[in-house]
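Welcome to a short tour of one protein model. Please keep the sequence and the 3D view side by side as you read.

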Amino acid sequence: MPGLTTDSSNALVPLSPGAHVRVVYPVRHGLKPPISRISISWSRGNSLRVSVFREPPTESDDSDGEAGGKVVQVKLGVGDGEVDDAQWRRIAYGSVSPFALLQSRRNSVLALSKMSMSVRREYVMEYSKGISSLLDNARPLPDVIDDPKTVVKKVEEPTCLKAAWELLEIFYADKESQAWLPERIVDWLADYDILFSGTQITVHSKLVEFQKDIVSLQAIEDDPKYWEVISSALAVGWLEIVVKLLRLHGSYQLDQLSNREGRGVMGFLPNLLGGAWLLRWRCSINRSTENGLVEAVAVLISKMPRMRPELEAGRLGECFKTKPDFIKAWEKWRAQITKLDCSSFWIQCDHRQTREGLRNMLQVMLGNTNNLSASTCHWIELYISHFLYVRPFTVGLESMHALAQKCIQLKPISTSHRLMGLLIGILGENTEVVLAECSRAFGPWMVVHAIELLTAGSDQAEIIVREERDRLGEISIEELHRLVYAQVLSSHALTWQIAPIYLTSCMKQGMGLLEVLLYKQPVQHIQMLLKTAEICQLYDLESISSNIMKIAGVYHWKHGRKGSGVFWLQQAQDEFRLNKIAQKLFDFVGRSISDESFKQWEGLIELLGSQSKIAWGLDFLHKYRDFKKSLLQVHVGKTSDAALQAVESLMSLMKNPSTPQRFWLPLLHDSLRLLCWKERPLLNVAQTNLLLNKLQDLSIARLRPDFIEASLPPQALSSVRLALATNLGRAILEE
């Protein structure tokens with residue numbers, strides 16, 4: 001087993017004591033002291049139910065109106081609650097199909113020949129897309145009115161789980177996009193920068209805050225925040241937002257042109273009238289220059305070269321698939337920026353905020369590190385800006401990791417986000433660190449399914465993950481995490497059914513722990529029992545299925561559900577216990593073979609069938625049932641044909657060696673009406689002599705001390721003897 005434990009009887013996957021870390025969970029009950037008692041019990045899933053009770057008030061104390069107690073739930077484990085229990089179960093069930101399909105493909109290909117790297121990557125990428133579709137919940141919220149001043153669309157906030165999975169896919173699974181890896185990271189930050197807003201200021205949070213003030217701003221270019229958010233959005237490559245904000249500049253508005261001219265004229269009222277008209281003309285020219293500069297910067301931004309195959313509709317930039325073409329376009333683009341930055345038109349721009357804001361944007365595009373650092377909020381944003389404007393040709397994880405360390409030094413943070421730790425582990429090419437970050441931040445589900453991505457294109461990672469280790473009980477890291485995840489699934493009544501998928505993929509200990517899991521399932525619920533039997537059938541576990549059905553049969557029999565008990569014992573083909581039950585049933589009916597006792601057990605006798613191989617067998621009881629049915633037809637006034645059929649059943653019973661002697665007299669006593677049939681004797685001479693001989697043998701057997709007397713009237717024997725003698729005489733006369 002993976003580790004040594006002091007008590008592993010109740011654990012599906014025992015864990016070593018050293019692996020436990022003390023974690024403090026706050027209990028916010030809101031009760032005033034004094035607290036007299038606390039009760040803790042398990043709730044559903046991985047939650048605790050904590051009941052807090054106050055000190056009961058005495059008669060002398062005045063009631064303070066507070067409740068006497070409160071019950072709160074404390075959820076155990078990691079996570080920030082962004083994915084609720086129902087969503088987790090949906091993800092757990094949805095991820096089974098891609099996982100099982102990938103395992104099946106891998107096993108089938110390995111059985112034939114060694115899997116080629118291209119085929120393997122194709123399978124892993126399909127698997128990754130299947131998992132990613134389960135985690136996607138970022139959908140735009142519908143707007144009642146399409147506001148042209150909306151620069152950041154409202155969407156459902158994505159989850160860190162989705163962001164982490166996409167990050168792993170970018171670096172490990174999607175090998176075809178390695179040539180434009182920086183662009184993939186730019187797109188990733190555009191989708192998930194909102195997740196960092198909870199712990200620190202981000203470009204996204206600055207845009208959201210500024211968007212609230214846009215409506216109230218008459219001259220948006222006069223606000224310093226306007227140029228600040230534009231530079232920040234430009235630094236992280238959100239070109240569409242930058243161009244949209246630039247087009248809100250007052251130089252594009254006719255009313256702003258009149259207001260700007262008015263302000264220029266009012267400043268020179270003491271001058272001559274001719275001077276005032278000259279100033280009005282010059283201000284109009286300057287305003288056109290200002291708009292031209294804004295538009296020139298917007299065009300340069302929209303024409304920014306991008307080293308990627310294509311862009312989605314509505315995205316800005318020019319795509320280049322090959323590095324030579326990109327380098328040529330990149331140098332030409334930077335030359336145009338430099339030319340504009342050295343242009344004399346800046347002197348003609350009288351609006352200081354516009355002039356400074358636009359020139360700061362040019363410095364961002366030229367890769368000025370000071371401007372990039374000032375425009376970004378945390379190190380990942382600075383990291384992205386270096387990819388875009390300083391080192392667009394960066395390739396290789398080693399150089400990318402060095403750049404990340406430099407950005408962390410330039411933009412240190414007090415509180416690290418879990419996605420940041422994962423990104424550092426990926427860039428450091430340390431598989432164990434990545435697994436540890438996935439486990440710490442996202443739990444066992446993430447680790448189990450992310451291993452398939454980590455080993456997709458790295459033989460070294462595959463060796464680390466799948467190498468058997470002595471300290472883990474001669475199992476691999478991969479198998480250990482699958483076993484842990486299987487225990488998590490097994491701990492909940494709604495997810496234990498999918499745990500066998502992961503247990504069966506563990507070659508060393510999976511099947512043994514699957515047995516433990518199946519045996520631990522309660523047998524009192526029919527649906528649970530049927531599901532267990534289905535799982536056993538799916539994995540060819542016939543012996544386990546038989547044992548579980550035996551357990552279910554004994555459980556139901558002991559709890560008074562005799563029919564269910566017999567049914568499950570029959571399904572398990574447990575002849576030993578079925579014979580025991582049949583013997584007990586046979587003995588019980590034998591003590592009193594009255595109609596009432598037989599009706600009580602007739603259904604159970606029918607269910608047991610006649611295949612039980614006890615000493616006497618239940619064949620007698622089935623024949624006795626047929627005899628009672630025929631006798632009932634006689635009593636309700638049917639014809640003599642029914643009487644003849646009843647006689648045949650009687651003779652069959654008396655001739656059958658399985659009919660015990662203690663049943664002979666009750667059978668004959670029940671047949672008194674047949675023996676005294678008025679129309680004619682129903683038994684011939686031979687049949688009557690056979691019955692008389694049976695009666696004589698019975699008289700001798702009654703002398704034995706172990707003979708069991710039937711509960712019949714005292715005159716039963718004499719009545720039967722007289723009826724047989726009478727029938728014998730009538731039969732002799734008739735013959």
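In which strand is the place of isoleucine 35? Isoleucine 35 belongs to strand E1, which covers residues 35–42. Before going further, please keep in mind that this is a predicted model.

**The strand pair**

Isoleucine 35 has a relative accessibility of 33% and therefore counts as partly exposed, since that class lies between the 20% limit for buried residues and the 50% limit for exposed ones. Together with Ile38 and Ile40, Ile35 makes up a nonpolar patch on the surface. The accessible area of these three residues together is about 280 Å².

Strand E1 has a partner: E1 and E2 run antiparallel and are joined by seven bridges. One place to look is tryptophan 42, whose bridge partner in E2 is leucine 48. How much of strand E2 is buried? Six of the eight residues of E2 (residues 47–54) are buried, so this strand is largely enclosed by the rest of the structure.

**Two loop residues with positive phi**

Next come two loops between helices. Aspartate 540 sits in the loop between helix H23 (526–538) and helix H24 (542–558). Glutamine 573 is in the loop between helix H25 (562–571) and helix H26 (575–591). Aspartate 540 is a residue other than glycine with a positive phi, near 55°, and glutamine 573, also not a glycine, has a positive phi near 55°. Are these residues buried or exposed? The table gives the values.

| Residue | Phi | Relative accessible area | Class |
|---|---|---|---|
| Aspartate 540 | near 55° | 65% | exposed |
| Glutamine 573 | near 55° | 65% | exposed |

Both values lead to the class exposed because that class begins over 50% relative accessible area.

**An arginine in helix H2**

Arginine 105 is part of helix H2, residues 96–112. With a relative accessible area of 22%, arginine 105 is partly exposed. How far apart in space are arginine 105 and arginine 120? Their C-alpha atoms are 9.2 Å apart, while 15 residues separate the two in sequence.

**Confidence in the model**

Finally, a look at confidence. The protein chain has a mean pLDDT of 78, with 79% of its residues at 70 or more. Residues 256–285 have a pLDDT below 50, and this stretch has 19 contacts in the model beyond near neighbours in sequence. The pLDDT is also below 50 over residues 612–617, a stretch with 17 contacts beyond near neighbours in sequence.

How values were computed: Residues are numbered from 1 along each chain as its sequence is written. This is a predicted model: local features need pLDDT of at least 70, side-chain atom pairs count only at pLDDT 80 or more; totals for chains, interfaces and linings use all residues. Side-chain values use heavy atoms; hydrogens and water are left out. Patches are made of residues with over 30% relative accessible area and no salt bridge: like charges are joined within 9 Å, nonpolar side chains (Val, Leu, Ile, Met, Phe, Trp, Tyr) within 5 Å. Accessible areas come from the Shrake-Rupley method with a 1.4 Å probe; for residues, only the protein chains shown count as cover. A salt bridge is a side-chain nitrogen of Lys or Arg within 4 Å of a carboxyl oxygen of Asp or Glu. Helices (H or I, at least four residues) and strands (E, at least two) are DSSP runs, numbered from the N terminus. Buried means under 20% relative accessible area, exposed over 50%, partly exposed in between (1.4 Å probe, protein chains only). Two strands pair if DSSP finds at least two bridges between them. pLDDT is the predictor's confidence in each residue, from 0 to 100. Contact means heavy atoms within 4.5 Å.
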